[in-house]
Amino acid sequence: MSYDEDPYIFSTDTLPSDRRFLPPLANGLLGWRVYNKSMHMGGVYNGEGGRCHRADVPCPLAVTVEMDEPAQHTYSLDTHTGIFTHSRSSASVTVSQSLYSHRHYPNLMVMEILLVRQVTSEEPVTVNLVSSFTPESKDIVFESCPDYKGGSHIQGKVTTAEFPGGPCPTVHLIWTPTPPTLTLLPEQSQARWGFILVVANSLDTAEANYDEGLNLIETGDLRPSHEKAWKELWLQSKVEVAGSESLCKALIGCMFYLLSAFPSIHDTSSSFGGVSPGGLSNGGDGQDYWGHIFWDQDIWMYPGIALFYPKLARSVLEYRVGTIDGAKDNAHKQGFKGLKFPWESGVSGREVCPEDIYGQQEIHINGDVTLAFQHYLYLTEDLTMFTEGKGREVIYGVADYWVSRASWSPEDQKYHLSGVMPPDEYYYNVNNSVYTNTVAKFSLQFAVDLADLLQHPAPKEWQEVAEHLKIPFDEESQYHPEFDGYIKGDPVKQADTVMLGYPLGLPMSKKIRRNDLEAYEPVTDPNGPAMTWGMFAIGWLELGEAEKAQHLLEKCYKNIQGPFQVWSESSDGSGAVNFLTGMGGFLQAVLFGYTGFRVQKECLAFSPLLPNDISELSVRGVSYLGHQMDWLLRKDDVCIVLREQADSLGNTKSCNLEVVLKASGTKIPLMPGKPVTFPREPGCVCKLAWGYSCWPV
């Protein structure tokens, strides 16, 4: 996919006037919007309950470089490497300031400054470093500590725990002090300076990482080790299109910012703090949903990452496992059994939503969480996540919650879920939200399947409630009303009922699928959150209407703000910034819309369809049952290459795969390194009939 300019490099000669749209630099542990005085660390929150928010951590790298000579400015974010660079070129010197969150060493952030002479001169060249850093925070009481190996050191604790008696995290910062000036001496044609910042929860970790940083500077491996880690990530996944440079760039931006929110694929610390709607760089007090974790992580961001990176997918599930105790507490406080995952989550899993009604009523979060676990098992067959990894406690605990939360209605001989808020938050205290009931039904059925797989006796109530849970349907209009009593034509906030088809996969005829789309598309708030139109686009692609889907997908471009492809929650630039939820929905529209990928129990189904202005779609690194596949979709055919076996796919069991085409029944074995091309039609990738399966035959 070639363009005149590299679509992976976002460049401009002027910064956005709204500094919220400066590029965020993150690595799954640390997040910072360039030049901002504050940054954040995953899992470090301040405030109790609904006052809980990401704690602002002062950033010593909040430095601008200034010079006396007139200069031409260039600002660029290289998504190949995750490095932001500000270059100033004058008649005598080029000054480059590069900033990055280290991709391999997550406790490390870096600033590098390079001065290069443009003309031979015996005069020194001096630039000024202007810092806005102050070693203080409204969330953390810091105190100065003795310098460590030339680095300044402060430490402090957040002032208020997430819940009474809970821990107050400690934060240590050690950094290379920045001098007021840097000088290129007369005999030097160029010079480079490196400044490192370490942020950690303990003194030992901080000192060990600072030592590592000094060693990397000494060996010249500071930047190369970072670039190597990003290169490794991009080798595992790429999503590119030919025919639309704007779409290609948008997809690259989505993948880059989403990957930045996840830990290293080599991280073994199990300390991942989840993905919030605005990512790690945002979420301070009163901003960007306070940095809390919502269903956004499990439903909107996770699927596009799980398709390529089993280890990163598992980190999301491990985050939820780590909140089990809080989820038990939530259920108990509501008077129910099992687990109730919080609508807004911090570290403990206790509800931290500032407004009680959401935590009480938006209970579909439970099914959203279990759907992520279900897809992980179908993509990997990694049972260790459910045994040693305690995933089964999540699945069984949610099933117990649904059984205790549902009530039997003698009138229609169905179980009901009453007094809920659907994903469409314009409505509350409604009965039988069709999305909530469907996701509950499927999580109960998955609990039964998993119990069978692990030879655990499943309570008969799980299957009983699953089979008889009411799924609202209007026989006369042949569509799904959003909840009991919904009046067709009433406004809705965002994608809700249309998500029955994808991602939930509720079986329905094409006619009903169309009726749902036509019922809700015209009444959906045009200023609603960014992820909505991707779900409508997927629905129209299912029905073969690629141009209608493309029109809806193009609405999302209004949410992409400025030169660095940073998303806003709303198209007018308001709402959460670096809105990863919208990016996740957009990415899914391509990954699961154009390809027709569906993660199913026995296969990875596909049904490709491209709009007229897209000539080909390349999806590289799809991970399925221990293998990686590169897909190339064109107008008339599909090409799949099974990669040579990799050793980095975690606990997935590899097995021999084949393509099965739906119409003809043709079966094509996939052999490593050998391209397989076939006419564009629906089909699936599955195990060869004699291959191993974790599912009982």
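Okay, hi everyone. Before anything else, please keep in mind that this is a predicted model.

Let's start with charges. How many salt bridges are there? The count comes to 26. I'll walk you through some of them.

Take Arg 51, which pairs with Asp 285, with the closest N and O atoms 3.3 Å apart. Arg 51 sits in the loop between strand 5 and strand 6, while Asp 285 is in the loop between helix 3 and helix 4, so this pair ties together parts that are 234 residues apart in sequence. Asp 285 has 30% relative accessibility, so we call it partly exposed.

Next up is Arg 314 with Asp 382, where the closest N and O atoms are 2.8 Å apart. Where do these two sit? Arg 314 is in helix 5, residues 310-321, and Asp 382 is in the loop between helix 8 and helix 9, so here the parts being tied together are 68 residues apart in sequence. Are these two buried or exposed? Both Arg 314 and Asp 382 are buried.

Asp 484 has a relative accessible area of 27%, which makes it partly exposed.

And salt bridges can join up: Glu 112, Arg 192, Arg 223 and Glu 227 are linked in a network of them.

Now, helices. Have a look at helix 12 and helix 13: their axes come within 10 Å and cross at roughly 145°. The crossing is left-handed. On the helix 12 side, the residues making contact include Arg 513, Leu 517 and Tyr 520, and on the helix 13 side they include Phe 536, Ile 538 and Trp 540. What kinds of residues make up this contact? We get 5 nonpolar, 1 polar and 5 charged.

On to the inside of the protein. The largest nonpolar core has 212 residues, and the ones touching the most other members are Phe 84, Phe 386, Met 629, Trp 631 and Val 685. Which element gives this core its largest share? That's helix 10, residues 434-453, with 12 residues.

Leaving out residues up to four places away in sequence, Phe 84 touches, among others, Leu 15, Pro 23, Val 34, Tyr 75, Leu 99 and Phe 564. Apart from this core there is another, of 13 residues, with Ile 83, Tyr 100, Ala 206 and Leu 216 among them.

Last topic: the backbone. As a rule, most peptide bonds are trans, and most residues other than glycine have a negative phi. Here are some exceptions.

Tyr 502 and Pro 503 are joined by a cis peptide bond, with omega at about 10°. You'll find Pro 503 in the loop between helix 11 and helix 12.

Then there's Lys 149: not a glycine, yet with a positive phi of about 50°. Lys 149 is in the loop between strand 14 and strand 15, and at 54% relative accessibility it counts as exposed. Asn 429 also isn't a glycine, and has a positive phi of about 55°. Asn 429 sits in the loop between strand 21 and helix 10.

Definitions and conventions
Residues numbered from 1 in each chain as written. Predicted model: local features only at pLDDT ≥ 70, side-chain atom pairs only at ≥ 80, totals over all residues. Heavy atoms only, no water. Salt bridge = Lys/Arg side-chain N within 4 Å of Asp/Glu carboxyl O. Helix = DSSP H or I, 4+ residues; strand = E, 2+ residues; numbered from the N terminus. Buried < 20%, exposed > 50% of the residue type's maximum accessible area, 1.4 Å probe, protein only. Axes fitted to C-alpha atoms, helices over the stretch in contact; angles between N-to-C directions. Left-handed = near helix turned anticlockwise from the far one by under 90°. Contact = heavy atoms within 4.5 Å. Nonpolar A, V, L, I, M, F, W, Y, C, P; charged D, E, K, R; others polar. Core = buried A, V, L, I, M, F, W, Y, C linked by side-chain atoms within 4.5 Å.
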